[in-house]
Amino acid sequence: MMHQEREQYWQQQVTEWQTSGLSGMAFCKQQALTYHQFVYWRQKLLASASSTKEPVAGFATVAYPNTVIAKEIDSTGLAVSLPGGITVTGLHAGNVALLGDILRQL
């Protein structure tokens, strides 16, 4: 397989993975792919794609099972919802270090 064909193949795999909603490992098992090759190509292709885009500033929604969930709630800042119903609001670039202090206390 030529380099260009290999790159196109892995681009298709990465695109399918992104729409699958699966973890990288689960996707590789489902598609019978070698995980370390998938990770290599995913990093390579996503890095080259992001280097051609203009960087975007702002907050992103982050969600992992049983961990912290952060999201932009409005122009007042960031809200962090912790397991057990604890929510910390009003975080912004000027006081985000406070979040680390709070999490260390929990």
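How many helices and strands are there in the protein chain? There are 4 helices and 3 strands. Helices here are DSSP runs of H or I with at least four residues, strands are runs of E with at least two, and both are numbered from the N terminus. Starting at that end, the elements run α-α-α-β-β-β-α.

Hi everyone, a quick word on what we are looking at. This is a predicted model, in which local features need pLDDT of at least 70 and side-chain atom pairs count only at pLDDT 80 or more, while totals for chains, interfaces and linings use all residues. Residues are numbered from 1 along each chain as its sequence is written, and side-chain values use heavy atoms, leaving out hydrogens and water.

Let's start with helix H1, residues 3–20. At 1.5 Å a residue, its 18 residues should span 26 Å, and the end C-alpha atoms are 25 Å apart, which agrees. That expected span is 1.5 Å times one less than the number of residues.

Which residues of H1 are buried? They are Trp10, Gln13, Val14 and Trp17. Buried means under 20% relative accessible area, exposed means over 50%, and partly exposed is in between, with a 1.4 Å probe and protein chains only. Seen down the helix axis, the buried residues of H1 fall within an arc of 100°, so they line one face; the arc is taken from the directions from the axis to the C-beta atoms. On the face turned away from the buried side sit the exposed residues Gln4 and Thr19. Just after H1, Gly21 has a positive phi of about 80°.

Now please find Gln13. It counts as buried because its relative accessibility is 7%. Leaving aside residues up to four places away in sequence, Gln13 touches Phe27, Gln31, Leu33 and Phe38, where a contact means heavy atoms within 4.5 Å.

On to the cores. In soluble globular proteins, nonpolar side chains tend to be buried together. A nonpolar core is a set of buried Ala, Val, Leu, Ile, Met, Phe, Trp, Tyr and Cys residues joined through side-chain atoms within 4.5 Å. The largest one in our model has 10 residues, among them Trp10, Phe27, Cys28 and Leu45. H1, helix H2 (24–31) and helix H3 (35–51) each supply at least two residues of this core, and H3 gives the most, with 4 residues. A second, separate core has 6 residues, including Leu78 and Leu99.

Finally, the whole chain: buried residues make up 21% of its 106 residues.
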